[in-house]
Amino acid sequence: MKTFTYERAGSVDEAVRDSSAGGRYIAGGTNLLDLMKLQVETPDKLVDISRLPLDRIEEREDGGLTIGALVPNSDLAADPRVIAGYEVLSRALLAGASGQLRNKASTGGNLLQRTRCYYFYDTAMACNKREPGSGCSAIGGFNRIHAILGASEHCIATHPSDMAVAMRALDAVIITQKADGDKRRISIHDFYRLPGDTPQIENVLEPGELITHVELPAPVEGARHLYRKVRDRASYAFALVSVAGVVRMDGGMIASAALAFGGVAHMPWRNPAVEAALVGKAPSAQAFEAAADALLADAKGYGSNDFKIPLARRTLIASLRELTGE
Amino acid sequence: MHFTINGQSYEAEPDIRTSVLDLCREHLGLTGSKKGCDHGQCGACTVLINGRRVNSCLTLAVMHQDDEIVTIEGLGSPEDLHPMQAAFVAHDGYQCGYCTPGQICSAVGMLDEVKKGWPSHASADLTDVSFDNSEISERMSGNLCRCSAYPNIVDAIREVADQSGDEALKPARQPAEAGA
């Protein structure tokens, strides 16, 4: 690990000031320290935000929840208000990582964990994300876990979060404070970036910008929630494919549907065409196939991960059967 | 820097990069916690910080100067075993023993999580956990055992859960009991 200077921030204002001079925030540290040990990440300065008062979950007047960025994944998953109104979020969190990691990992840090693959970790291999311009060893290499949607010739890594997939299905809004003190609200749908030719840039945050809260809109009344994760072992493994779904039925028809996907792209994936293929229709094999066609119209495999295309289709259809009570 | 580990105060000046694990092992002579992967994948380094189980390899000592850290040495001693240690011995919940301190710290932290009503990926109902053995396996998945002593580890944890008498740690409740 390269050495660094360390400061513990006493307030959000102090944190964004400290960080503006090239510092990196550390909260749970479970992803950052892991990467620092391999010198994939080499920050000059760590700004410890773990003691800031951003560890509460509060109800808002509009019926939604405001989640402090430092609420640990464990606490968020077990919160009775989250279980009652946003079961897909609890389920996704509980499907991710291990008990020890969930106790440490923060809400903001989970959103900001690096999109990555094993070539990103292996400093002997080319990786455009780790070293821009060096190439992508995953293309033409072992790419079983890699992206089938939204990838580029520069990077085919996947975003590993389960939580963020549920957050996309729930239309979460990310609240930040910038280095100059300005606050902004960023829809999770606008938060992540596809790799393009700059895979080292994974989201729209500016240097020094700090996530302070995540807002969830009021729950969809009467909706059924599901998080279905397909992985290589039963626990403590990244998703090959996952589906987060919030579906409301009305009179035998699909009244609303929010569907997001993990393990398939550089960011948690959501495509309005999938939902458009379902809303207003009665559940049927035909409608479900049409939704899968919409999801996978532009899907592309890279050899070892070709299986993910039919796997995503089957996982979506199985999820829809469960969500629509068929 | 000042640390509180197993109820004792320690002063140390480790390098800023030092993890809680390396602080314990290399600076304070507390070698019970083990370094397996050093990347949070194996769980051999699991300790309790403010009562919560965490991977001590993946957190910086400097960030935990005001916290209560408990390692395997703080749970029990050879003369006075913690119930979880005694159960691991009774059920032969290990072979080489390298993962055992982490398994035991993790199991102790895990049972407290269940007592708080925290659900898991194995819970059919997130608001009413039935603490059967599939719950133990799921909740302990962050602790690997390369000798594969898993069945005996589950038995040991089951015994501690059963002997606690705690309602939250009981397996599948009968309908009559559930209404009680």
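Chain A carries 13 helices and 11 strands. The model is a predicted one. Of the 326 residues in chain A, 54% count as buried. The C-alpha trace of this chain spans about 60 × 50 × 35 Å along its principal axes. What radius of gyration does chain A have, and does it agree or disagree with that of a compact globule? A compact globule with 326 residues would come near 20 Å, and chain A has 20 Å, so the two agree. Contacts also reach across the sequence. Among those in chain A that join residues at least 6 apart, 64% link residues at least 24 apart.

Now to a sheet in chain A. Three strands form an open sheet in the order β9-β10-β11, and their pairing is antiparallel. Why is one side of β9(A) and of β11(A) left without a neighbour in the sheet? β9 (224-230) and β11 (253-262) of chain A stand at the edges and each has a single partner strand, so one side of each lacks a neighbour there. Neighbouring strands in this sheet are turned by 15° against each other on average, with direction ignored. Strands of a sheet pair through backbone hydrogen bonds, in a parallel or an antiparallel way. Between β10 (residues 241-250) and β11 of chain A, which run antiparallel, there are nine bridges. Within this part of the model, Met249(A) stands opposite Ile254(A) of β11(A).

Helices pack on this sheet. α5(A) touches β9 and β10 of chain A, and its direction makes about 20° with that of β9(A). Helix α13 (residues 308-323) of chain A touches β9, β10 and β11 of chain A. The direction of α13(A) makes about 30° with that of β10(A).

α5(A) leads on to the partner chain. How many residues of chain A are in contact with chain B? There are 26 of them, and they meet 30 residues of chain B. On chain A, the elements α2 (32-37), α3 (73-78), α5 (87-94) and α6 (99-104) each supply at least two residues of the touching side. The largest share, five residues, comes from α6(A). By class, this side of chain A holds 10 nonpolar, 11 polar and five charged residues.

Turn to chain B. The domain assignment gives domain 1 (2-75) and domain 2 (83-169). Taken over C-alpha atoms, the centres of these two domains of chain B are separated by 21 Å. In chain B, 16 residues of domain 1 are in contact with 15 residues of domain 2. On the domain 1 side, β3 (46-49), β4 (52-55) and α2 (72-75) of chain B each give two or more residues. β3(B) gives the largest share, three residues. This side of domain 1 has seven nonpolar, six polar and three charged residues.

Met110(B) lies in helix α4 (residues 100-115) of chain B. Is Met110(B) buried or exposed? It has 25 C-beta neighbours inside 10 Å, so Met110(B) counts as buried; the cut-off is 20 or more. Leaving aside neighbours within four places in sequence, Met110(B) is in contact with Gly99(A), Arg53(B), Arg139(B) and Met140(B). Met110(B) and Arg139(B) are 29 residues apart along the chain, yet their C-alpha atoms are separated by 7.0 Å.

Terms used:
Residues numbered from 1 in each chain as written. Chains lettered and ligands numbered in written order. Predicted model: local features only at pLDDT ≥ 70, side-chain atom pairs only at ≥ 80, totals over all residues. Contact = placed C-beta atoms within 7 Å. Helix = DSSP H or I, 4+ residues; strand = E, 2+ residues; numbered from the N terminus. Nonpolar A, V, L, I, M, F, W, Y, C, P; charged D, E, K, R; others polar. Pairing = 2+ DSSP bridges. Axes fitted to C-alpha atoms, helices over the stretch in contact; angles between N-to-C directions. Rg over C-alpha atoms; globule rule 2.2 N^0.38 Å. Buried ≥ 20, exposed ≤ 12 C-beta atoms within 10 Å, placed from the backbone. Domains from an automatic or database assignment.
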